[in-house]
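Please go through the sequence and the model below with the following notes at hand.

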Amino acid sequence: MSSPDDHDPADLLAKWWATYTAVDEDDDMLSPDQRLAVTAPFGQSWPGLAPAGQAAADPDDLAAEYAARFVLSRPQSRLGLVAAHSDADALAVVGWDGPANWDNDTATFAAVVSDWERRFGTRVVAVGSDTLHLSVAAPPTTAEAALFVAAEHFAFCPDNIWQGPRPQTLASYAERLIDTHCWEFWWD
């Protein structure tokens, strides 16, 4: 595994976007038009990083509140302590393999999460074998900002949109991100 510091989050997201929006004529799940409709209005064009949000709460206080709610709803959860410089670095330090079906280098995902810590005040609250739960102190507050965040989420974890609630489009996913203080990711 590499180090999160070895990766540029913008480059990673752009590369993943290009991979997941590529039209595959042999794809038996979606036609080329359907595949491009999922990521409308951007289609195959990577829109770039979302602008940083304005913190509505202290990131650490919000993370503690979310963690308390998380444990109440999932009493089988266990506490894990990791010696790391940040929450994102902890993912790489422990060798978390949640997105293993997509990429075996956890450091690439940790690099993006680290960037989200800076831009959106995220904190890693929980991880599972194929899940990641973040608290978000500075979520998008407008539909336009949410659409750019949704694009980042799609590049980071396309299953959030491909296998999420219907309709499975970037725009419908973006609506659910406005003023939402937790982001949850699941890789199939």
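Leaving out neighbours within four places in sequence, R123 is in contact with P59, D60, A63, D87, E117, H133, L134 and S135; contact means heavy atoms within 4.5 Å. This is a predicted model, in which local features need pLDDT of at least 70 and side-chain atom pairs count only at pLDDT 80 or more, while totals for chains, interfaces and linings use all residues. Residues are numbered from 1 along each chain as its sequence is written, and side-chain values use heavy atoms, with hydrogens and water left out.

R123 belongs to strand β1, residues 122-127. Helices (H or I, at least four residues) and strands (E, at least two) are DSSP runs numbered from the N terminus. Is R123 buried or exposed? R123 counts as buried because its relative accessibility is 18%; buried means under 20% relative accessible area, exposed over 50%, and partly exposed in between, with a 1.4 Å probe and protein chains only. One of the residues in contact with R123 is D60, and the side chains of R123 and D60 make a polar contact at 2.8 Å. A polar contact is a pair of N or O atoms within 3.5 Å; within protein, one must be able to donate a hydrogen and the other to accept it, and residues adjacent in sequence count only if both atoms are side-chain atoms.

Now the whole chain. The protein has eight helices and three strands, which follow one another along the sequence as α-α-α-α-α-β-β-α-α-α-β. The radius of gyration is 16 Å, which agrees with the value near 16 Å for a compact globule of 188 residues; the radius is taken over C-alpha atoms, and the globule rule is 2.2 Å times the number of residues to the power 0.38. Along the principal axes, the C-alpha atoms fill a box of roughly 45 × 35 × 30 Å. Of the 188 residues, 45% count as buried. Among contacts between residues at least 6 apart in sequence, 72% join residues at least 24 apart.

The side chains include 10 positive and 29 negative ones, and the centres of the two sets lie 6 Å apart. Lys and Arg count as positive and Asp and Glu as negative, with His and the chain ends not counted. Each charge is placed at NZ of Lys, CZ of Arg, CG of Asp or CD of Glu.

Next comes the segment after β3 (182-186), where D188 is found. D188 counts as partly exposed because its relative accessibility is 48%. Apart from neighbours within four places in sequence, D188 is in contact with N101, W102, D159 and Q163. N101 and D188 are 87 residues apart in sequence, and their C-alpha atoms are 7.2 Å apart. N101 lies in the loop between α4 (87-93) and α5 (106-120) and, at 63% relative accessibility, counts as exposed.

Two backbone details remain. Most residues other than glycine have a negative phi, and most peptide bonds are trans. A40 and P41 are joined by a cis peptide bond with omega about 10 degrees, and P41 sits in the loop between α2 (32-38) and α3 (59-73). D179, in the loop between α8 (170-177) and β3, has a positive phi near 60 degrees. D179 is partly exposed, with a relative accessible area of 46%.
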